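This briefing is for a reader new to the structure. It groups a few local features by topic.

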Amino acid sequence: MNEDIHYLPAHSIRELLKSRNIGAEDVVGASARRIGKFDCRVRAYLSAITEQAISAARAIDRGSVSASDGLLSGVPVAVKNNICTKGIETNCASRILEGYIPPYDSTAVQRLKAAGAILIGKTNLDEFGMGSSTENSAFFPTRNPWNLDKVPGGSSGGSAAAVSAGMATVALGSDTGGSVRQPAGFTNLFGLKPTYGAVSRYGLVAFASSLDQIGIFSRDIEDCATVFNLISGYDPMDSTSSTLTRPVSMEEIKKGLDGVKFGIPESFLEEGVNEEVSSCFEKAVSALESLGARAERIELPNLKYSVASYYLVANAEASSNLARYDGIRYGKRAAHYSDISDMYDKTRTEGFGREVKRRIMLGTYALSSGYYDEYYLRAQKVRTLIKADFEAAFKKVNAVLMPTSPTPPFGFGEKLVDPLSMYLSDIFTLAVNLSGIPSISFPSGFSAEGLPVGTQAIGPSFSEELIFRIAYNFSEKCGFHNKRPELEKQFK
């Protein structure tokens, strides 16, 4: 039996299962053993359901479930804990939703289960998806499998750590401002933020509804494409779901890059990029050019306003979405209070963490009478300009290339005392969410300390096949994605 079975991609698992060289129980059991051995330190999971997962794998091996022929049959999948799963706690890493057990599966999870995927656990996150390091979870932080003293990124840091550490084959996260791509870059994975509307948000607990998207973590492009094809497509349960989504083809993805033009917004990249990240990015550009692609300098003049615009729009929507957690309509209620006003105060004070409270206050202020036009409306106008910048760029080039994050993974507590510094770690990812376009982060090198660095390919709406193609060709040439973290050494 393959000793690294926990690192096999889903398409290899499927072939081995079909040839009966391994069983689904072998695959799920390998991930379960990794969870048992390493998750005491990594803390990727808020709830691991390994016994339930092994039982489901046995059912597939016996052929007693219809999913035995599915594309993800027997594949252990982790799901971020802000995506609803029937009968399994979904608390968004927040005390206010502690104990909430949904009576239904999100559409994305329904579709994965229909393809034979086995849910192995719910992963940690920054509370309600608000953060860039998974330090803002109400329960515990998650550590980066590449260096346990570093953060795994956020807010989907738990899902990223689970896949990177071999504790799941693929995982779902959510990307509101880079929450899949930034942790994918920090943990040497592929991380997809699909076109807005390509994947149903039904069952995704809302943070900022016009920005949220369910995204994918994987260790190779074929797995990412497979999961995208399974979970994307129109869903009548989500009014923002699009009918324009089309499946991607591995045959097209594997074509070369001759004739592909990508743009580099050099003036936007000049400020605040770590030297090692900049070096990896330049080498990635050279590698893509050697494969036949052409690089071209472009201007995206309004991207410099994306951080300010994003945090006004996102926080305004968050303050509205989180108003429902008041102890009456949703969420836990404070145990002791004097009257209804006191109950509201104590419920929300005890239920929300510091970062969530900060964003609710900022968002409420931006929406308040007298300030709406000055802040929220102006931010929405800037958002339109940023989107127009990308549309103009895509008339000249096929895709845009940028680093995923301005720095390699940083240390615990390094940015917690300075929220603005934390917000700036998403400076290269936010504009994609504001524009509703797709982007994929792919492994593109390592720092001198051995920490992963990611690069992202950004394309026009519904161009997932094109950005997969760029990431695939680069990865086949450079092979950074084949390197694994040395967890065993860190546990000695």
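Cys-92 is found in the loop between β2 (76-80) and α4 (107-114); helices (H or I, at least four residues) and strands (E, at least two) are DSSP runs, numbered from the N terminus. This is a predicted model, in which local features need pLDDT of at least 70, side-chain atom pairs count only at pLDDT 80 or more, and totals for chains, interfaces and linings use all residues. Residues are numbered from 1 along each chain as its sequence is written, and side-chain values use heavy atoms, with hydrogens and water left out.

**Backbone in loops**
- Cys-92 is not a glycine, yet its phi is positive, at about 55 degrees.
- Cys-92 is buried, with a relative accessible area of 0% (buried means under 20%, exposed over 50%, partly exposed in between, with a 1.4 Å probe and protein chains only).
- Thr-134, in the loop between β3 and α5, also is not a glycine and has a positive phi of about 60 degrees.
- Thr-134 is buried, its relative accessible area being 0%.
- The loop between β3 (118-123) and α5 (157-164) also holds Ser-155, and the peptide bond from Gly-154 to Ser-155 is cis, with omega near 5 degrees.

**Phe-38 and its contacts**
- Phe-38 belongs to helix α2 (residues 24-42) and is buried, with a relative accessible area of 1%.
- Leaving aside residues up to four places away in sequence, Phe-38 touches Leu-487, Glu-488 and Phe-491 (contact means heavy atoms within 4.5 Å).
- Phe-38 and Glu-488 are 450 residues apart along the chain, while their C-alpha atoms are separated by 8.6 Å.
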